[in-house]
Amino acid sequence: MMVFMPVISSITVDTPIGPIGVTATADGIVGTAFGGIEGTGTTNRLRAGHLAQATEELDEYFHGGRRDFTVPLDWSASAGWALTVRRCLLSSVGYGETVSYGRLAALADRPDGARAVGGILAGNPIAVLVPCHRVIASDGGLGGFVGSGGGMVETKRRLLELEGSTPPTLF
């Protein structure tokens with residue numbers, strides 16, 4: 001029996017928050033990676049198809065000209081309630097808006113699932129395009145971001161600041 005493996009291509013895009021790796025299949029963008037993707041090189045040159053569109057849209061987003069991404073997404077790395085949460089986030093929380101983990105859980109029909117939402121978003125394979133940075137703690141704090149790595153919470157703050165969701169800091 002033959003198993004179909006999608007053709008995957010990747011590029012690393014320069015952004016004001018550092019390199020972001022973008023991976024695509026024929027169906028759409030399947031992943032993003034802060035820090036880029038080893039072996040792809042860092043470039044702003046456009047590639048064909050979904051990578052070209054994602055590169056262009058990320059550039060527009062980081063320079064204030066785009067609020068919504070239209071590049072197709074390949075959801076194959078998400079399933080079950082994680083897929084529900086990520087799609088709910090994408091459709092319910094717009095540019096410049098934030099939502100608490102608990103509120104997102106409720107929007108995804110599981111009001112007691114705030115902690116689970118945190119884990120689901122920590123594993124978000126398509127960060128920025130699926131805006132997990134817009135989910136904050138119920139007390140207004142930033143909460144975690146991509147496993148809560150020290151510099152990653154700063155990345156979350158910078159993305160929220162870019163969207164006008166949080167005031168710039170002095171530090």
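Val128 counts as buried, since its relative accessibility is 2% (buried means under 20% relative accessible area, exposed over 50% and partly exposed in between, with a 1.4 Å probe and protein chains only). Val128 sits in the loop between helix 4 and strand 6 (135-136). Helices (H or I, at least four residues) and strands (E, at least two) are DSSP runs, numbered from the N terminus. The phi of Val128 is positive, about 75°, although Val128 is not a glycine. Most residues other than glycine have a negative phi.

Asp109 also has a positive phi in a residue other than glycine, near 65°. Asp109 is in the loop between helix 3 (101-107) and helix 4 (114-122). Asp109 is exposed, because its relative accessible area is 70%.

## Basis of the model

This is a predicted model, in which local features need pLDDT of at least 70 and side-chain atom pairs count only at pLDDT 80 or more, while totals for chains, interfaces and linings use all residues. Residues are numbered from 1 along each chain as its sequence is written, and side-chain values use heavy atoms, with hydrogens and water left out.

## Overall layout

The protein has five helices and six strands. Starting at the N terminus, the order of elements is β-β-β-β-α-α-β-α-α-β-α. The protein has 171 residues, and 44% of them count as buried.

The accessible surface of the protein is about 8800 Å², with 54% of it belonging to carbon and sulfur atoms; such areas come from the Shrake-Rupley method with a 1.4 Å probe, and for residues only the protein chains shown count as cover. Of the contacts between residues at least 6 apart in sequence, 56% join residues at least 24 apart, where contact means heavy atoms within 4.5 Å.

## Lys156 and the cysteines

Lys156 belongs to helix 5 (residues 150-162). Lys156 counts as buried because its relative accessibility is 0%. Leaving aside neighbours within four places in sequence, the contacts of Lys156 include Tyr101, Cys132, His133 and Phe145. Lys156 and Cys132 are 24 residues apart along the chain, and their C-alpha atoms are separated by 8.8 Å.

Cys132 is buried, as its relative accessible area is 4%. Cys88 counts as buried too, at 11% relative accessibility. A search of the whole structure finds zero disulfides, a disulfide being a pair of cysteine sulfur atoms within 2.5 Å.

Ala114 lies in helix 4 and counts as partly exposed because its relative accessibility is 27%. Apart from neighbours within four places in sequence, Ala114 is in contact with Tyr101, Gly102 and Ala105.

## The largest pocket

The largest pocket has a volume of about 160 Å³. On a 1 Å grid over the protein atoms alone, a pocket is an open set of points where a 1.4 Å probe fits, with protein on both sides within 12 Å along at least five of seven lines. Grid points are joined across faces, edges and corners, and the volume is the space filled by probe spheres set on the points.

The lining comprises nine nonpolar residues, one polar and three charged. Ala, Val, Leu, Ile, Met, Phe, Trp, Tyr, Cys and Pro count as nonpolar, Asp, Glu, Lys and Arg as charged, and the others, Gly among them, as polar.

Conventions
On a 1 Å grid over the protein atoms alone, a cavity is a set of points where a 1.4 Å probe fits but cannot get out, and a pocket is an open set with protein on both sides within 12 Å along at least five of seven lines; lining residues have an atom within 4 Å of a point.
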